[in-house]
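User: Could you help me look at the aromatic rings in this protein? I'm new to this, so please go step by step.
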Amino acid sequence: MHSYEYLFTAIIIFAILIASTTIVSIMPQPSINVSEKEQLKTVAQKIMTQLTLNPGNPPDWGSNLTVGSSTLTAFGLAKYGEIARGAYVLDLDKVQRLNENLPQNLYVPPSRVIDLLNLGNDYGIKIEFVPALNATVATEINSNSATIYVNVTGQNMLPIANVNVTARIFYLYDGQIQKTPIFTNFTGIDGQCMIKFDGFSSEDALLVLVIDYYGIRIIKTCILNAALTQAFFLGDHLILNSSLSIISDTAYQIIVAESDGTYMIDYALCGLNLTNEFSVPSYSLYEINYTEPSAIALLAVANGGSDLMVACKSVPSCYSSIPGDASSPLIYMLERSVKIGESLYTMRLEIWRMSW
């Protein structure tokens with residue numbers, strides 16, 4: 001009789017344990033977790049405001065190459081001098097300084113940004129710049145023509161029809177920089193269009209695209225030959241590998257402008273002056289005598305006329321305090337629509353706690 005009582009008691013205790021575990025698992029999160037999420041949200045909002053509305057200090061640190069990461073006293077990406085209606089306009093040169101391919105004394109590492117934002121060792125950050133329109137380009141070059149195929153999708157990766165695609169190619173021929181005519185086409189219901197350039201066969205070329213969907217615009221540059229000499233175009237300076245030299249110390253600034261709904265893509269000749277105002281190890285520094293405000297790239301002829309030098313102003317896709325994707329039980333994300341140069345982006349900020 002007693003053994004049955006013990007068995008019955010054990011079954012009841014086991015049932016109570018299972019019920020307790022189930023109840024705990026379906027209960028709302030403890031209030032402490034809610035508080036942690038709110039704290040993370042507050043931090044993310046403050047950081048986003050700092051990044052998008054504050055130019056940092058010095059306010060021209062993006063184009064002023066004498067300012068390194070160690071001499072920055074405040075961090076922000078806003079374009080200096082923009083009025084209130086220009087809110088969320090970021091400085092293209094400042095955004096470029098987040099590109100890890102830059103020379104080390106020009107690159108601003110995430111560890112320094114975390115220090116400037118007073119995040120200490122408590123938080124990790126990740127910044128992504130997502131174009132308002134995704135455009136993939138394929139090229140086909142034969143003996144006397146070049147054909148480009150453009151596929152345009154939204155951020156949801158669905159195709160977009162009736163997108164205005166304006167294109168021009170700048171290329172090296174017989175030691176001189178040449179340009180094709182400007183061509184325009186519109187995407188079909190599949191989000192694709194084709195543009196053909198006749199009388200062009202050089203792979204030493206830069207393709208410039210203006211992709212516009214009822215005022216939502218991105219500018220895309222594509223270097224057709226990956227082996228081309230690449231350099232950096234920051235502020236009023238060209239940063240070039242010291243083993244190379246520019247012919248006649250001249251270059252061509254690629255500019256984009258809009259007039260009555262149509263786009264002009266052209267170049268403007270400019271002079272270059274070799275300067276020693278500050279040192280960039282393994283690189284030569286050229287000062288541009290005048291920089292066009294809408295310049296998106298710089299072309300020059302190097303190595304006695306045999307090589308095309310290309311320096312594009314480019315926006316990095318990702319900038320993170322840790323490599324890869326963040327893995328944390330709590331991550332808070334904010335997004336803002338921003339303008340960088342003449343293109344629209346979604347700036348995505350992720351904040352997470354490194355320790356609890």
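User: Okay, is Y214 buried or exposed?
Analyst: Keeping in mind that this is a predicted model, Y214 is exposed, because its relative accessible area is 63%, and the cut-off for that word is over 50%.
User: And what does Y213 count as?
Analyst: Y213 counts as partly exposed, with a relative accessibility of 28%.
User: What kind of aromatic pair do Y213 and Y214 form?
Analyst: Their pair is edge-to-face, with 4.9 Å from centre to centre and 75° between the planes.
User: Switching topic, how many aromatic pairs are there by this rule?
Analyst: The count comes to seven aromatic pairs. One of them joins F170 and Y267, whose ring centres are 5.9 Å apart and whose planes meet at 50°, so this pair is tilted.
User: Where do F170 and Y267 lie?
Analyst: F170 belongs to strand β5 (residues 164-173) and Y267 to strand β15 (residues 262-275), so their pair ties together parts that are 97 residues apart in sequence.
User: Is F170 buried or exposed?
Analyst: F170 is buried, at a relative accessible area of 0%, whereas Y267 counts as partly exposed at 24% relative accessibility.
User: What sits over the ring of Y267?
Analyst: The charged end of K179 sits over that ring of Y267, 4.5 Å from its centre. Elsewhere, the charged end of R353 sits over the ring of Y123, at 5.1 Å from the ring's centre.

Terms used
Residues numbered from 1 in each chain as written. Predicted model: local features only at pLDDT ≥ 70, side-chain atom pairs only at ≥ 80, totals over all residues. Heavy atoms only, no water. Phe/Tyr/Trp six-rings, centres within 6.5 Å; stacked < 30°, edge-to-face > 60°. Helix = DSSP H or I, 4+ residues; strand = E, 2+ residues; numbered from the N terminus. Buried < 20%, exposed > 50% of the residue type's maximum accessible area, 1.4 Å probe, protein only. Lys NZ or Arg CZ within 6 Å of the ring centre and 35° of its normal.
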